[in-house]
Structure formats: structure tokens, C-alpha cells
Amino acid sequence: MKTTGLEKILGRIEDLDSVNLGILVQRLARERKMQETVFNTIHDGILVIDSDGVVQYANNAALLLIGLKENDIGVTRLWKMVPDLAKSIHSETVGGIQKSGPVLSREIELSYPEHRVVRLYMVPIDAQVGHDDSGGYVIVLSDITEERVSMEERIESERTSSIVRLAAGVAHELGNPLNSLTIHLQLIERKLKKLSEQKDAAKLAESLQVCQGEVQRLDGIITHFLEAVRPQKPELNELDLLALVEEVLRVQEVELSDRLLDVKVEVSDDLPTILGDRGQIKQVFFNLIKNAMEAMQAGGSLRVLARRDADHVYVQFVDTGSGISEEDLSKVFQAYYTTKKEGHGLGMMIVERIMREHGGCINIESHKDKGTAITLQFPRQLRRTRLLE
């Protein structure tokens with residue numbers, strides 16, 4: 001191995017006078033500072049611990065990952081921050097003799113200072129011959145939280161896509177016999193009208209209506225399902241969100257009045273237009289207002305709030321209805337989840353999908369028996385243009 005100039009000097013350090021010794025110290029300080037600068041530019045956390053687990057060195061990334069402070073260096077044992085590591089190290093030591101090669105290479109979860117998934121690689125530092133110290137360990141910590149989340153999302157997406165493709169095929173196949181049932185029920189209905197004088201005709205007509213109602217309900221479920229799993233790509237045009245809200249409220253005005261519900265629209269700013277699909281955004285507003293109506297008793301109130309900031313336009317629907325329990329809140333966007341007796345459980349799934357297709361998002365805050373606030377966040381048109389540029 002080639003010997004460096006610094007090693008040659010250190011090899012005869014006892015021969016140096018005070019001036020050269022001072023120069024050497026300055027040179028060592030510069031090299032240490034340069035090495036620390038290099039290590040601090042590395043995104044992975046790098047730790048050096050002694051045989052007792054006391055942290056002797058940590059770069060900036062390591063300090064952030066495990067929540068160490070500068071004054072913990074040389075004092076704090078790593079086991080205090082990551083207790084699970086102590087067992088791992090001891091299991092790799094046999095009869096007080098370290099095994100050669102990597103001691104540990106695995107993934108661990110850190111809960112402090114925040115939940116992270118970390119890939120850990122640890123190797124022993126060979127003890128120096130003629131010295132009392134027993135070496136220590138170098139530990140490299142790589143933050144793979146986003147990688148893990150991305151992988152889980154990809155797996156979930158692929159699994160969901162497979163299920164959706166299968167379900168869409170089944171839904172399509174169910175549509176054909178339902179159409180046939182509808183036609184034959186209509187034929188039976190016509191024949192029953194001719195037999196109206198017979199005593200059993202009324203009962204048969206009642207059974208027929210039940211069958212027709214169930215066929216219509218199944219057809220509605222399939223239609224909504226296909227809308228959810230095979231959505232149309234939004235046709236983007238300039239939209240005035242407030243005008244759309246008022247348009248939907250006019251359509252539902254009679255039902256709101258019959259239920260004795262009070263509706264107020266409050267706008268804090270002049271809202272800019274957004275780019276969106278008129279039909280799809282109206283469907284979002286219709287679903288949310290319909291849900292709010294059905295969640296409230298007579299005398300309840302629905303407030304529609306609108307505001308903007310530099311990048312987004314927000315439309316919020318706040319009702320005084322029955323609310324959603326904390327347990328059920330996480331299930332709201334799941335297919336077929338519903339608390340309604342005659343609900344199909346696809347409305348909120350469709351709402352979430354439409355918002356995602358428009359580059360927006362939806363947030364729900366709810367308290368059982370107190371009400372629900374649903375906030376829609378739309379990207380402003382200028383912001384979308386800047387991103388495309």
C-alpha cells in the first residue's frame with residue numbers, strides 16, 4: 001500500500017520541532033474539517049460508535065435521523081436511541097470475539113424523532129494492535145421511507161388494478177342478463193294488464209313491481225360501479241366553481257326546502273376560474289350536497305364556503321348532520337362502504353377519483369353527532385400552467 005505524505009510525517013512525529021508540530025496540527029485540523037464537510041454532504045447517516053455503543057461521531061444526516069444533538073456525541077449510547085441494535089450486535093459476537101465481515105445489514109423502523117424506515121449497514125472497526133481499545137463499529141443509515149411507501153403503493157395499485165379489471169368484466173357481463181330481465185318483465189306487465197279482472201292479477205302486479213324495482217337498483221349499482229372503475233378522462237375547460245355550486249343548489253332546492261334545511265353560501269374572495277370538466281365537477285358537488293342533506297334532520301344547516309390562496313381554490317361543505325365516527329372515517333372512500341339503507345357505497349369513491357383526475361384533493365373532518373366538513377382543493381389555472389411550463 002502506498003504511504004501518503006501525511007503518514008510519513010506522522011511516522012516521525014517525535015523528531016518534529018515545535019514550529020513543524022504546529023504546522024502539522026493545523027494541517028490535521030484542515031483535513032478533519034474537510035472530511036467532516038464531505039461526510040455532512042452525504043444524505044446517508046454515518047455513525048461511529050465504540051465497543052460500548054457510545055456515539056463517537058455522527059454526520060448531520062445521522063443526527064437528524066435518530067434525533068441526536070451535538071452535545072450527545074461522546075456521551076450517549078446508541079442503544080438509548082435504537083434499543084433493538086444492542087441485541088443484534090451481541091448476537092454477532094461469539095465468545096467475546098467479533099465475527100469478520102459485516103455485522104449487520106437489515107431494515108429497521110425508527111419511531112423517534114419521526115417514524116422512518118431505515119436500511120442499516122454496520123461493520124466492525126478492527127482493534128489496533130498494541131492498544132487497549134477493542135475497536136467499535138461504523139454504521140451507515142439509509143432512509144428508505146419513501147422507497148418503502150412507493151413500493152407498497154405500487155403493489156397496492158397493481159392489486160387494485162387487477163381486481164378492478166376483473167370486476168369491470170363481471171359487471172359488464174351482468175348487464176346483459178339484466179337487460180333481458182327488463183324486457184321480459186315489461187312483456188309480463190303488458191299481459192297482466194289484460195288479466196286485470198282475475199283475482200290473482202293484483203298480487204302478480206305487486207310482485208312484478210318488486211322485481212322491476214330490484215332490477216333497476218342492480219342496474220344503478222352496475223352503472224355507478226363502471227363510472228368508478230372506468231372513468232372518462234376529464235374534458236378541461238374554464239369553470240366558475242361558485243356558479244356551478246349555485247346551479248346544483250337550484251336543482252336540489254325543492255328537496256332542501258322539503259327537508260327544512262337552511263343553506264348559506266359564503267365567499268371570502270373573488271374566486272378565479274379553474275380548469276375542469278363541467279359535468280364531473282357538478283357530479284362532485286351533487287354527491288356532497290346530497291350526502292349532507294341525508295345526514296341532517298329538519299332544521300339543519302349547510303354552509304358552502306369558498307376561498308383561495310396563491311396556488312389553490314378551496315370549496316368547503318359544512319353540515320350539522322350526524323357526522324362520521326373515527327372508525328368509519330377511514331372507510332369513506334372504499335368501494336361499497338355506506339351507512340345508508342339504500343346507498344350503493346360508490347359516491348365518495350367517485351368524488352375522490354374525480355378530484356384526483358383534476359389534480360386536486362379532498363379532506364374530511366367529522367365528529368359523531370356534530371357534523372362534517374368536506375374541503376375540496378383545486379389547483380388554480382395559472383398554477384397548472386406554470387407546472388406545465
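Reply: A residue counts as buried when its relative accessible area is under 20%, as exposed when that area is over 50%, and as partly exposed in between. The model shown above is a predicted one, and these words will be applied to its residues.

Me: How does Arg-278 count by its relative accessibility?

Reply: The value for Arg-278 is 43%, which means that this residue counts as partly exposed.

Me: In which helix does Arg-278 lie, and how many residues does helix H10 have?

Reply: Arg-278 lies in helix H10. This helix covers residues 278–295 and has 18 residues. From the first C-alpha to the last, H10 reaches 26 Å, close to the 26 Å expected at 1.5 Å a residue.

Me: What may one look for at the start of H10?

Reply: One may look for a side chain that reaches a backbone atom. Here a side-chain oxygen of Asp-277 comes to within 3.1 Å of the backbone nitrogen of Gly-279.

Me: Which residues of H10 are buried?

Reply: The general idea concerns the spacing of residues along a helix. An α-helix has 3.6 residues a turn, so residues three or four places apart point the same way. In H10, the buried residues are Gln-280, Ile-281, Val-284, Phe-285, Asn-287, Leu-288, Ile-289, Ala-292 and Met-293. Lys-282, at 25% relative accessible area, is partly exposed.

Me: How many salt bridges does the structure hold, and which residue forms one with Lys-282?

Reply: A salt bridge requires a side-chain nitrogen of Lys or Arg within 4 Å of a carboxyl oxygen of Asp or Glu. The structure holds ten salt bridges. Glu-247 is the partner of Lys-282, with the closest N and O atoms 2.6 Å apart. Lys-282 belongs to helix H10 and Glu-247 to helix H8, so this pair ties together parts that are 35 residues apart in sequence.

The side chain of Glu-247 also meets that of Arg-278 in a salt bridge, at 2.6 Å from N to O. Here too one residue lies in H8 and the other in H10, so the pair ties together parts that are 31 residues apart in sequence.

Me: Which side chain meets that of Lys-290 in a salt bridge?

Reply: The side chain of Glu-255 does, at 3.1 Å from N to O. Glu-255 lies in helix H9 (residues 253–258) and Lys-290 in H10, so this pair ties together parts that are 35 residues apart in sequence. Glu-255 is partly exposed at 26% relative accessibility, and Lys-290 is partly exposed at 24%. A network of salt bridges links Glu-255, Arg-259, Lys-290 and Glu-294.

Me: What is noted about the phi of Leu-260?

Reply: One reads the backbone angle together with the residue type and its place. Leu-260 is not a glycine, yet its phi is positive, at about 60 degrees. This residue lies in the loop between H9 and S9, and it counts as exposed at 57% relative accessibility. Asp-369, also not a glycine, has a positive phi of about 65 degrees. Its loop runs between strand S13 (361–367) and strand S14 (371–379), and Asp-369 counts as exposed at 62%.

How values were computed: Residues are numbered from 1 along each chain as its sequence is written. This is a predicted model: local features need pLDDT of at least 70, side-chain atom pairs count only at pLDDT 80 or more; totals for chains, interfaces and linings use all residues. Side-chain values use heavy atoms; hydrogens and water are left out. Helices (H or I, at least four residues) and strands (E, at least two) are DSSP runs, numbered from the N terminus. The expected span of a helix is 1.5 Å times one less than its number of residues. Buried means under 20% relative accessible area, exposed over 50%, partly exposed in between (1.4 Å probe, protein chains only). A polar contact is a pair of N or O atoms within 3.5 Å; within protein, one must be able to donate a hydrogen and the other to accept it, and residues adjacent in sequence count only if both atoms are side-chain atoms.
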